[in-house]
Amino acid sequence: MKCDACLQCKVRPSALTGEGQFHTVQYMRMPAEEVYAMTRNLLLRVSITSIRSSPVQPNPGSGLRLDKKRGNHLRRAIGTAEAMEAEKWKRTALLVIDMQNDFIKAGGPMHVAGGKAIVPSVIQAVDVARQRGMLVVWAVREHDSFGRDVELFRRHLYGDGKEKPTTKGTYGAELVDGLIIREGDYKLVKTRFSAFFATNLHSLLQGAGIKSVVVVGVQTPNCVRQTVFDAVSLDYQPVTVIIDATAAATPLVHNANIFDMKNIGVETPTLQEWCS
């Protein structure tokens with residue numbers, strides 16, 4: 001049967017037995033994510049061996065033709081899933097929020113207690129994002145040494161003899177060890193909680209064809225949360241927060257904010273779930 005629809009017309013297995021016996025394949029309209037999920041299930045439950053050993057073989061000649069036909073269906077399904085997966089990730093950006101020394105290093109003026117523990121997870125998330133061909137955006141705070149671009153409630157931290165957190169050009173404003181901006185990544189400087197507030201992030205993502213975002217970094221109740229809520233308001237779909245690649249001052253604060261974000265439709269996988 002020839003499919004006459006658009007890219008969202010894909011093969012879908014209509015039924016599989018517990019032993020993995022192949023029954024039929026139908027063409028139908030499906031969202032890309034459903035195509036990928038269902039094809040993955042197909043790959044888990046049906047192997048080339050099980051197809052070749054299918055009992056539906058009226059005679060040796062016709063059985064061979066059936067096997068080849070079923071193999072062609074499976075190959076098309078696999079090719080479709082891989083193409084749709086690649087397209088999905090090209091339209092997804094990873095936003096890495098405030099993974100800077102002043103937030104992560106112990107004793108830093110803006111230290112987030114849970115930050116150090118998530119550094120390996122953030123490194124892995126970035127590596128996986130690059131492997132998938134995703135746009136990686138590094139959202140960082142870099143402030144004027146006089147604090148003229150800082151929120152009013154923080155300006156007392158700037159000036160002569162003050163700590164001056166994440167001042168541009170200082171060690172505190174640099175990314176923590178293990179995180180490196182590479183060619184093809186994008187560095188975004190922000191001066192408020194949200195990576196979208198008074199920045200070009202939305203226009204950057206729109207110009208790159210980005211439809212969904214994944215968020216990692218610190219800290220959950222402030223910059224992570226504000227960025228996520230703005231992404232939801234701007235109709236990015238889905239918006240994802242990797243729960244063990246984000247952190248706050250305490251697990252209680254972190255979990256409470258994850259709960260709030262989940263309640264507005266944000267996806268909240270673990271790193272292992274997101275990487276699988």
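Guide: Let us begin with a cysteine: Cys 223 has a relative accessibility of 4% and therefore counts as buried, where buried means under 20% relative accessible area, exposed means over 50%, and partly exposed is in between, for a 1.4 Å probe and protein chains only. The model is predicted, so local features need pLDDT of at least 70 and side-chain atom pairs count only at pLDDT 80 or more, while totals for chains, interfaces and linings use all residues. Residues are numbered from 1 along each chain as its sequence is written, and side-chain values use heavy atoms, with hydrogens and water left out.

Another cysteine, Cys 275, is partly exposed at 24%. A disulfide is a covalent bond between the sulfur atoms of two cysteines. The search takes a pair of cysteine sulfur atoms within 2.5 Å as a disulfide, and across the whole structure it finds zero.

The part to examine is helix H7, residues 220-233. Helices (H or I, at least four residues) and strands (E, at least two) are DSSP runs numbered from the N terminus. In the loop between strand E6 (212-218) and H7 stands Gln 219, and the peptide bond that joins Val 218 to Gln 219 is cis, with omega near -20°. Most residues other than glycine have a negative phi, and most peptide bonds are trans.

The loop between H7 and strand E7 (239-247) holds Pro 238. The bond leading from Gln 237 to Pro 238 is also a cis peptide bond, its omega being near -5°. Asp 235 belongs to the loop between H7 and E7 as well; its phi is positive, about 70°, although Asp 235 is not a glycine. With 65% relative accessibility, Asp 235 counts as exposed.

What is the angle at which the axes of H7 and H8 cross? The axis of H7 comes within 10 Å of that of helix H8 (residues 251-262), and the two cross at roughly 10°. Axes are lines fitted to C-alpha atoms, for helices over the stretch in contact, and angles run from 0 to 180 degrees between N-to-C directions. Under 35 degrees counts as roughly parallel, over 145 as roughly antiparallel, 65 to 115 as roughly perpendicular and the rest as oblique; H7 and H8 are therefore roughly parallel to each other. Contact means heavy atoms within 4.5 Å. On the side of H7, the contact is made by Thr 220, Pro 221, Val 224, Arg 225, Val 228 and Phe 229; on the side of H8, Val 253, His 254, Asn 257, Ile 258, Asp 260 and Met 261 take part. By class, this contact has seven nonpolar, three polar and two charged residues, with Ala, Val, Leu, Ile, Met, Phe, Trp, Tyr, Cys and Pro counted as nonpolar, Asp, Glu, Lys and Arg as charged, and the others, Gly among them, as polar.

A loop elsewhere also has a residue with a positive phi. Ala 198 is placed in the loop between strand E5 (186-190) and helix H6 (201-207). The phi of Ala 198 is near 55°, positive in a residue other than glycine, and Ala 198 is exposed, with a relative accessible area of 71%.
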